[in-house]
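The report below walks through one protein model, beginning with a single side chain and widening to the whole fold. Please keep the sequence and the structure in view while reading.

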Amino acid sequence: VYWGTLWWPMGQLAARGVDGPWVAVLTFATPVLFLLPVAFWRRRHFRSGGWLLIGTGLLIGSSSMLYADGVLVGEIVRVLLLFYLMPVWSVLFERLIIGTPVTPTLFGTIALGLVGMVVLMGFENGFPFPRSLGDWFGLASGIAWALGIVFVRLGGPTGAFEKTYAQFAGAVLAGLLLMPLILDPMPAFPANAVADHWPWVLAIAAFWLIPTAGLSLWGAGQLSPVRSALLLMFEVPVGVISSVLLTDEPFGLREMIGGTLIVGAAILDVLLVPQAAEPAR
C-alpha cells in the first residue's frame, strides 16, 4: 500500500506551508542524511556497483521524484494510472536490452495498456497525449522506473541497501533539477516550515519511503522486470480508492474504463505468460 498512498502524507506536509516540490526533495533527502554513516561504512559495495549502480540510482530516483511531484501538481488518479503503464515499457526494454522474446501475449499486454492510456486521456482536445505537467510526470515516471528495473537486473550482486540509497540520492538530484519546471521563480529553502513540521518529514521517510524503496528494489532483483512491474500494479486500486475517498478529484466512467484496461494488461501477463523460476540472490 506504500506507493499507492504516498500522495497523502506528502499532501499533508504541503498543506502545512511547504511548497510542493520542496516536500518531495526534503522527504527523499532525509534518508540520504540519516543513512549516510551506513553508506560510508559500505563504501566498498558502492564502488563495486560502478556505473550500473549510478545509472540505477539516477533512473529509479528520477522515477520516484517524477511520481512524487506528479501527485503533488496533477490529478492523483491520472498520474497513478499513467505511472502504472510501466509493464508496457518493461516489455519493450526487456526485449531491447535483455533480449527476452516478445510473445503474442506480451503484445496483448502492450496493446491493452496503450488503449487504456488513450481512453484515460480522452479525445476532447485532439489526440490523447498527456496534457498537464502532472500527466507528463506520471508517464515519464513509469518509463524511468521500467528502464531502471532492467538496470537492477543487470547490476549483479549489488545489495539492496546500495540500490535504495542510490535511488534516494538520485531522487534528490532529480527533484532539484525539476523544481524550476514547477515553480518560477524557485522558492527559497523553507527552513521555518521544516522546523515547524519536521515530524511529518521524518514520518514520510521512515514509514513510507525507506520500506517502500527497499522492498521494491530487493524484490526487483529476484524477478524479471516485467513481473516486478506487474506486481507493483496492485498498488493501483489502493491509490485510486484512497484518492477517491480522501479528495474531491473527479473519477468517472472514463477513468474507470481506462484504469481497468491498464490493470488488465497486468492481469493478462500474470495469468497467461509462463514465468521461469529464478533463484533468489
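## A buried phenylalanine

F137 counts as buried because its relative accessibility is 5%, where buried means under 20% relative accessible area, exposed means over 50% and partly exposed lies in between, with a 1.4 Å probe and protein chains only. This residue belongs to helix α9, which covers residues 133–154; helices here are DSSP runs of H or I with at least four residues, strands are runs of E with at least two, and both are numbered from the N terminus.

Leaving aside residues up to four places away in sequence, F137 touches L66, D69, G70, V73, L178 and I182, a contact being heavy atoms within 4.5 Å. F137 and A68 are 69 residues apart in sequence, yet their C-alpha atoms lie 8.8 Å apart in space.

## Basis of the values

The model is predicted, so local features need pLDDT of at least 70 and side-chain atom pairs count only at pLDDT 80 or more, whereas totals for chains, interfaces and linings use all residues. Residues are numbered from 1 along each chain as its sequence is written, and side-chain values use heavy atoms, with hydrogens and water left out.

## Overall fold

The protein has 14 helices and zero strands. Of its 281 residues, 51% count as buried, and among the contacts with a separation of 6 or more, 87% are accounted for by residues 24 or more positions apart. The accessible surface of the protein comes to about 12,800 Å², of which 73% belongs to carbon and sulfur atoms; such areas come from the Shrake-Rupley method with a 1.4 Å probe, and for residues only the protein chains shown count as cover.

## Aromatic pairs

A pair of aromatic rings is described by the distance of the centres and the angle of the planes. Rings of Phe, Tyr and Trp (its six-membered ring) pair if their centres lie within 6.5 Å, and planes under 30 degrees apart count as stacked, over 60 as edge-to-face and the rest as tilted. By this rule the count comes to six aromatic pairs. In one of them, the ring centres of F28 and F168 are 6.2 Å apart with the planes at 55°, so the pair is tilted. Because F28 lies in helix α3 (residues 20–34) and F168 in helix α10 (residues 160–182), this pair ties together parts that are 140 residues apart in sequence. F28 counts as buried at 0% relative accessibility, and F168 counts as buried at 0% as well.

F161 and Y165 form a stacked pair, with 6.0 Å from centre to centre and 25° between the planes. Both residues lie in helix α10, four residues apart, which is about one turn of the helix. F161 counts as partly exposed at 21% relative accessibility, whereas Y165 is buried with a relative accessible area of 9%. Ring pairs link F46, F161 and Y165 into a cluster.

## A nonpolar surface patch

On the surface, L52, L92, L96, I97, I98 and L154 form a nonpolar patch with about 510 Å² of accessible area together. Patches are made of residues with over 30% relative accessible area and no salt bridge, with like charges joined within 9 Å and nonpolar side chains (Val, Leu, Ile, Met, Phe, Trp, Tyr) within 5 Å; a salt bridge is a side-chain nitrogen of Lys or Arg within 4 Å of a carboxyl oxygen of Asp or Glu.

Helix α7 (residues 86–98) supplies the largest share of the patch, four residues. L52 lies in helix α5 (residues 43–73) and counts as partly exposed at 32% relative accessibility.
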